[in-house]
Amino acid sequence: MTTGVVGNGSRTSLRLPLGLWGLTRIILLLCVFKVVVIPGPDITFDVSNIYQGWYEVLRTGTYPLDDVTWQYPPAAALAILAPGLLPFLGYASAFFVLAFLCDALVFGLLLHTGRRAGRSSHGAWLWIAGVPLLGPTAYARYDVMVTAVAVAALLAAGRSPRVLGALAGFGAVLKVWPVLLLAGTPKGRATFRSWTTAAGAAAAVLLLCVLWMPGALAFLGFQRDRGTEVESLGSMVFHVIRHFGWEGEARMNYGSIEFLGPYVSAVSTAAMMLTIAAFGWLLVWRLRARAFTSSTVADAAFVAVLLFTATSRVLSPQYMLWLVGLAAVCMAYRSSRMRRPAHLVIWATAVTQFEFPVWFSHVTRSDPLGVAVLFTRNGLLIAATLIACRILWRQTVTEPRLAEAAALATVAQPEREKALSGSF
């Protein structure tokens with residue numbers, strides 16, 4: 001009888017998250033299938049035109065060598081070709097279905113993890129909320145597939161550093177940023193196993209792609225020539241000085257709306273310097289970190305990707321999906337203290353849907369509404385980044401050092417008292 005009651009209670013506790021996940025995802029599918037139309041630019045354009053165009057080129061046995069919008073590592077071809085696994089659907093429809101399935105995989109992993117000892121269901125709840133807050137963009141880019149790989153890697157980290165490394169290495173050749181999942185691996189054997197496995201997996205996948213089709217490394221030149229996108233942190237300078245006679249403009253360049261004109265190259269260089277400085281801080285943190293909890297791998301990955309995203313000269317809306325996924329993994333651990341920056345990321349994700357696509361025309365014109373929504377989103381991201389860095393440093397560097405000092409003082413106290421009593 002007791003077992004039956006527990007089983008019924010367990011099933012009942014799953015109904016609400018499953019129901020809310022299903023309802024919100026149906027709404028997303030209605031949006032990408034254009035049953036419900038979101039104001040602003042057509043979200044599905046990239047899939048039905050750009051992705052499908054790449055798909056047709058890739059099917060001929062070569063990467064898109066003459067298309068500057070191909071700015072992704074070679075394994076991205078797998079994501080672009082994946083809709084071919086559903087030949088009974090059109091390309092765009094098959095892509096949206098696969099995105100939905102990857103979303104379901106992440107939700108299932110977080111829900112399962114949340115039921116284990118020392119874990120929490122907060123991660124699954126954050127994922128339920130975060131994806132629909134981004135809107136149909138979540139299903140209209142291949143980033144949900146990359147995020148699924150990253151979430152699976154982090155959730156496997158505690159049990160198998162090699163699985164973490166293999167998935168992080170594969171993810172790096174899929175879209176670079178998953179290599180940051182390795183930032184917080186515990187020093188010693190776990191780091192050696194995960195990092196060497198990641199290097200081997202990345203090298204193997206890269207070699208296969210190079211041997212598979214010509215042009216696997218063409219993306220390097222196209223990515224190098226990117227400018228400052230109108231949604232990035234650096235773009236905020238030009239959104240302001242446009243109102244004071246700046247002679248530049250915002251227009252399509254390398255597949256996105258970028259600022260072009262005087263001082264743009266300087267701001268882009270400054271953004272790269274900020275990124276280098278951010279990774280320098282990560283290196284210092286890793287060298288000085290003294291304590292690694294069960295959530296440190298996820299927490300450090302979250303901080304690393306926040307730093308990468310906030311300082312990037314290209315801050316596309318789909319980047320928020322990476323942060324939602326990593327924040328959800330952090331929240332799946334009871335030992336994580338990233339609740340506040342995770343919630344800030346959720347708020348930033350909600351604002352992002354208004355920044356793109358709803359009011360994107362206002363953003364590109366730098367009018368008061370566009371500037372306000374962009375500054376709000378980027379301000380929330382900056383706040384989340386700074387707070388997350390402080391939490392990570394305090395939990396792994398400051399507090400362990402203070403604890404060690406207190407322990408030494410406790411040990412030294414009896415010796416001091418003994419010495420003083422002897423002197424009398």
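1. Glu-249 stands opposite Leu-260 in strand 3. Further along the pair, the bridge partner of Met-252 in strand 3 is Ile-257. Strand 2 and strand 3 run antiparallel and are joined by 5 bridges. They form a hairpin with 2 residues between them, and Tyr-254 in that turn has a positive phi of about 55°. Strands here are DSSP runs of E with at least two residues, helices are runs of H or I with at least four residues, and both are numbered from the N terminus. Two strands are taken to pair if DSSP finds at least two bridges between them.

2. The model is predicted: local features need pLDDT of at least 70, side-chain atom pairs count only at pLDDT 80 or more, and totals for chains, interfaces and linings use all residues. Residues are numbered from 1 along each chain as its sequence is written, while side-chain values use heavy atoms, with hydrogens and water left out.

3. Strand 1 pairs with strand 3 (residues 256–260) in the antiparallel sense over 2 bridges, and Thr-228 stands opposite Phe-259 of strand 3. Strand 3 is mostly covered, 4 of its 5 residues being buried. Buried means under 20% relative accessible area, exposed means over 50%, and partly exposed lies in between (1.4 Å probe, protein chains only).

4. Asn-378 is found in helix 16 (residues 368–423). Because its relative accessible area is 2%, Asn-378 counts as buried. A polar atom of the Asn-378 side chain lies 3.4 Å from the backbone oxygen of Ser-232. A polar contact is a pair of N or O atoms within 3.5 Å; within protein, one must be able to donate a hydrogen and the other to accept it, and residues adjacent in sequence count only if both atoms are side-chain atoms. Leaving aside residues up to four places away in sequence, Asn-378 touches Glu-231, Ser-232, Leu-233, Met-236 and Leu-315, where contact means heavy atoms within 4.5 Å.

5. How do helix 6 (residues 143–156) and helix 13 (residues 319–331) pack, and at what angle? The angle is about 20°, and the axes are 9 Å apart. Helix 6 and helix 13 are therefore roughly parallel to each other. Angles under 35 degrees count as roughly parallel, over 145 as roughly antiparallel, 65 to 115 as roughly perpendicular and the rest as oblique. Axes are lines fitted to C-alpha atoms, for helices over the stretch in contact, and angles run from 0 to 180 degrees between N-to-C directions. Among the residues making the contact are Thr-147, Val-151 and Leu-154 of helix 6 and Trp-322, Gly-325 and Val-329 of helix 13.

6. Helix 7 (residues 161–175) and helix 8 (residues 189–212) pack at an angle of about 35°, with their axes 7 Å apart. The contact includes Gly-165, Ala-166, Gly-169 and Phe-170 of helix 7, and Ser-194, Ala-198, Ala-201 and Ala-202 of helix 8.

7. In the loop between helix 7 and helix 8 lies Val-176. Phi of Val-176 is near 60°, a positive value in a residue other than glycine. Val-176 is partly exposed, with a relative accessible area of 43%.

8. Ser-366, in the loop between helix 15 (360–365) and helix 16, also has a positive phi, near 60°. Ser-366 is buried, its relative accessible area being 0%. The peptide bond from Phe-356 to Pro-357 is cis, with omega near 15°, and Pro-357 lies in helix 14 (residues 339–358). Most residues other than glycine have a negative phi, and most peptide bonds are trans.

9. Thr-62 is found in the loop between helix 2 and helix 3, and its side chain reaches the backbone oxygen of Pro-214 at 3.4 Å. Not counting residues up to four places away in sequence, Thr-62 touches Val-57, Met-213 and Pro-214. Leu-65 is placed in the loop between helix 2 (45–58) and helix 3 (76–81). Leu-65 is partly exposed, at 40% relative accessibility. Leu-65 and Gly-215 are 150 residues apart in sequence and 5.9 Å apart in space, C-alpha to C-alpha.
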